[in-house]
Amino acid sequence: MARYNFRETEAKWQAEWARRGSFTATEDPGRPKYYVLEMFPYPSGRLHVGHVRNYAIGDVVARYRRAKGFNVLHPMGWDAFGLPAENAAIANKVHPADWTFENIRVMREQLKLIGLSYDWDREVATCTPDYYRHEQRMFLDFLKAGLAYRKESWVNWDPVENTVLANEQVIEGRGWRSGALVEKRQLTQWFLRITEYADELIDALKGLDRWPERVRLMQENWIGRSVGATVRFPFEGRADSLEVFTTRPDTLFGASFCAISPDHPLADEAGAGNAELAEFIAECRRMGTSEEAIETAEKRGMDTGLRVVHPLDPSIVLPVYVANFVLMDYGTGAIFGCPAHDQRDLDFARKYGLAVKPVLWPEGSGVLTDEAYAGLPESERAAFDRAPEQDGRLHVSVTAYSDTDGGTYGYDLGSLTDGRSLSVSKAKDIAIAAVEERGAGEATVRYRLRDWGVSRQRYWGCPIPIIHCDSCGMVPVPEDQLPVELPRDVSFDRPGNPLDHHPTWKHVACPTCGGKATRETDTFDTFFESSWYFARFCSPHAEEGLDGAAVDYWMPVDQYIGGIEHAVLHLLYSRFFTRALRHCGYLGVDEPFAGLMTQGMVVHETYRAPDGTWLYPEEVELQGDAAVRLSDGAAVERGRLEKMSKSKKNVVGLEHVVESYGADTARLLLLSDSPPERDLEWTDAGIEGAWRYANRLWRLVDDGLAALPPAGAPKPDRFSQPAQALRSKVHKTIQGVDEDLENFRLNRAVARIRELTNAIGEFTPAGDGDGWAYREALEASVLLIGPIMPHLAEELWQALGHAAPVSESPWPAFDPALTVDDTVTVAIQVNGKLRTTLALPRDVARDIAERTALDDPSVQRALDGSTVRKVIVVPNRVVNLVV
Ligand code: ANZ
Ligand code: ZN
């Protein structure tokens with residue numbers, strides 16, 4: 001008995017799909033479209049099995065939708081700019097382009113090896129001028145539209161890599177790759193005005209109902225809309241005032257100090273005459289700019305000597321500190337501190353001996369005046385130090401508000417001062433009204449979201465199409481001079497940006513005056529390329545970049561699939577970019593991704609040799625709960641399940657698996673062992689099990705062929721009881737798999753198909769119609785497993801006598817009558833004479849019973865064309881057709 005020859009079969013069908021152009025997508029307004037996309041990879045080298053899970057998931061979706069009659073777009077490309085190529089250039093003296101294209105070549109072969117149904121004609125690599133020239137034009141359009149601008153800004157500077165780092169690239173104050181202590185520097189950088197869309201980006205999250213709740217929440221928090229007030233505290237002895245942003249104006253009377261960021265202009269001013277303060281400010285600046293760095297650092301500050309007056313009560317004078325926890329780029333870079341209601345302020349106040357003045361406290365705790373509070377022992381004060389913010393209603397301090405009642409407010413302050421309770425939100429409204437009344441501030445909305453800094457001091461990125469001229473200033477590169485191409489001849493033998501020290505590249509004539517000028521040597525953040533590639537896939541060869549008709553037809557992506565690590569930046573940038581492109585007339589949609597699924601990781605045990613070094617799984621033999629090293633039998637320590645990664649060597653090579661078991665077997669394991677959004681453990685036992693299943697299904701068809709009627713044989717009139725049971729199983733499986741695939745329960749779909757396989761294995765065709773039912777069951781199994789094990793399915797489908805491949809065949813339909821558990825045998829009569837019996841759902845509707853009877857071939861024969869005049873139905877027993 002021959003074994004399933006997966007090597008031959010997989011190669012054969014991959015060639016056949018390519019020959020037929022089975023996955024080539026063409027716009028067709030007559031058919032519903034379906035755009036499925038997996039986050040495109042960075043071409044970093046060879047893929048292991050852990051890398052390909054999301055592609056396998058996407059492929060199931062694509063193949064399933066195709067079978068369901070959708071016109072499917074399923075493209076693949078390469079996010080090909082980025083730092084690793086430059087690192088490789090430095091380490092191995094290989095050109096970043098060569099390194100990148102070689103990796104692309106290898107990875108493309110790997111993806112082809114597993115039979116993914118991509119339209120390879122649409123492949124793009126973002127590092128080619130043919131791709132990036134379009135984004136240079138987009139950028140110039142953004143510039144015209146005011147969506148791109150340049151400003152000086154504080155940046156995280158990695159002194160080893162000589163580059164600016166994004167906040168999230170600073171880990172505990174150090175560069176994420178170099179590990180060097182990050183410094184702060186001021187540089188002129190390009191920004192995209194994502195904040196312009198902050199509200200829209202938050203509000204539209206509600207409509208993304210096919211996104212995981214968790215991702216929507218992460219985006220909302222990242223944008224971080226805070227409703228509060230800007231409040232001005234006049235300086236003593238100066239004409240100006242200190243502007244602060246607060247989300248808790250209700251606590252204004254609890255202010256006991258103000259604080260400014262070390263980067264605030266006033267800090268330098270105050271530091272100018274105060275050496276100690278200047279040193280403190282300098283020290284703060286050496287700390288990273290990341291929020292994490294700021295949050296974990298000890299809260300420290302220093303008095304500037306400046307004093308401000310409380311805007312609602314001139315008798316209160318507050319000191320102004322420089323504090324290391326105040327960020328310059330949030331709010332106004334200055335705060336008022338309310339130690340009684342903010343933990344951070346409380347820590348600060350305790351440290352520097354500042355007053356703690358509660359202004360609100362939980363209902364039921366009674367009214368506590370400042371004096372009463374001051375009289376409490378420290379231990380009891382604590383109970384009032386942090387009043388809950390939201391729960392219940394809170395009291396507003398008697399003294400606080402009564403002190404300031406000048407009778408000039410536009411609301412009844414008296415009602416606030418009698419100790420009656422007041423909700424926090426009401427108190428906020430009243431406090432805002434009070435400051436507005438006095439011209440001391442106004443209600444404000446602030447966002448955590450910052451504009452997107454897109455400048456990178458790197459070679460391997462898209463050149464920013466700008467020329468700097470001494471006389472004309474900043475001049476956009478004229479459109480007919482695009483693209484600005486990267487020079488090929490660069491050297492990496494000294495630190496810094498190779499574009500900057502290239503001998504000729506940056507020296508150009510000014511497009512406006514013709515004088516000597518220089519190119520911008522910064523390149524774009526690589527998130528730039530990934531912010532619109534999904535649109536380029538709609539018209540990958542269009543001269544104009546985005547062909548309106550094609551983009552309108554395909555966009556948005558119906559199903560996007562990728563890692564949770566992109567939950568914030570990539571997805572948010574893409575959502576913004578799409579809006580910016582819409583604004584500039586490039587496309588007509590707002591949201592790029594209608595559906596999103598974030599897949600779990602592939603995890604594997606880790607192995608350690610006695611000397612502590614990591615071992616690859618193939619270097620280890622498992623013996624029960626123990627393990628030994630194959631080379632010398634040394635005991636191996638079996639470690640935790642961890643995400644497959646080269647650093648811990650717990651990886652399984654893709655080629656290795658495909659060569660030993662075939663692509664379909666690997667796909668089956670990747671798709672079947674846990675729900676797609678959860679982690680999946682890769683084990684030898686798992687791959688063996690998948691392999692056995694592939695063979696089992698193959699044998700089942702191979703062995704069964706002899707007992708089958710030919711493909712397309714007419715459905716027999718009657719079925720034996722076992723055949724009827726099998727048919728019911730088949731149709732229930734189709735229905736279930738359909739539902740599972742609609743809802744991303746890929747593992748459950750596989751489990752159902754395997755159950756069906758078991759049922760077929762137990763079936764021996766004998767009686768009436770058994771062969772037909774047997775064929776029906778085998779064909780259904782093959783079609784259902786098609787999206788998951790496409791090569792095997794094609795081979796079996798062909799063996800079953802079909803000319804058209806599975807990839808071009810429709811999804812099987814189920815007969816609802818057969819999916820109902822409770823069936824009854826109903827006698828079907830014509831003019832009172834029994835013609836057949838049918839299995840019908842118990843208590844089936846009259847008209848369904850009637851129609852099913854009419855459709856039956858033996859009834860048709862008996863009727864022989866005559867019109868039915870009357871139908872008598874005895875529920876669950878008889879249908880009598882009278883002619
Ligand atoms: C007074 C106050 C009293 C505050 C209180 C909080 C609690 P979110 O919600 O994240 O927007 N803040 C304002 N600007 C800041 C800056 N540049 N750096 C650090 N902190 C800043 O946070 C807003 C609150 O964070 C503001 O409200 C302000 O402190 C502080 F019981 O004002 B609050
Ligand atoms: Zn000029």
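Figure 1. Where pLDDT is low, the predicted coordinates should not be read in detail. The mean pLDDT of the protein is 89. Residues that reach 70 or more make up 91%.

**Figure 2. The surroundings of cysteine 127.** The disulfide count is 0, taking a disulfide as a pair of cysteine sulfur atoms within 2.5 Å. Cysteine 127 is in no disulfide. The nearest cysteine sulfur belongs to cysteine 462 and is 11 Å away. Cysteine 127 is buried, with a relative accessible area of 6%. Cysteine 510 is buried too, at 3%. Buried means under 20% relative accessible area, exposed over 50%, and partly exposed in between (1.4 Å probe, protein chains only).

**Figure 3. An open sheet of 4 strands.** The strand order is E20-E19-E22-E21, and the pairing is antiparallel. Strand E20 (473–476) and strand E21 (507–509) stand at the edges. Each has a single partner strand, so one side of each is left without a neighbour in the sheet. From one strand to the next, the twist averages 40 degrees. Angles run from 0 to 180 degrees between N-to-C directions, with axes as lines fitted to C-alpha atoms. E21 and strand E22 (residues 516–519) run antiparallel, joined by 3 bridges. Two strands pair if DSSP finds at least two bridges between them. Valine 508 stands opposite alanine 517 in E22.

**Figure 4. Helix H24, residues 770–785.** Helices (H or I, at least four residues) and strands (E, at least two) are DSSP runs, numbered from the N terminus. H24 has 16 residues. From first C-alpha to last, H24 reaches 22 Å, close to the 22 Å expected at 1.5 Å a residue. That expected span is 1.5 Å times one less than the number of residues. H24 is mostly covered, with 16 of its 16 residues buried.

**Figure 5. Glutamine 798 in helix H25 (residues 790–799)****.** Glutamine 798 is partly exposed, with a relative accessible area of 38%. Not counting residues up to four places away in sequence, glutamine 798 touches Lys12 and Trp13. The C-alpha atoms of glutamine 798 and glycine 439 are separated by 82 Å. These two residues lie 359 residues apart along the chain.

**Notes.** Residues are numbered from 1 along each chain as its sequence is written, and chains are lettered from A and ligands numbered from 1 in the order in which they are written. Local features need pLDDT of at least 70, side-chain atom pairs count only at pLDDT 80 or more, and totals for chains, interfaces and linings use all residues, while side-chain values use heavy atoms, with hydrogens and water left out.

Methods:
pLDDT = per-residue confidence, 0-100. Contact = heavy atoms within 4.5 Å.
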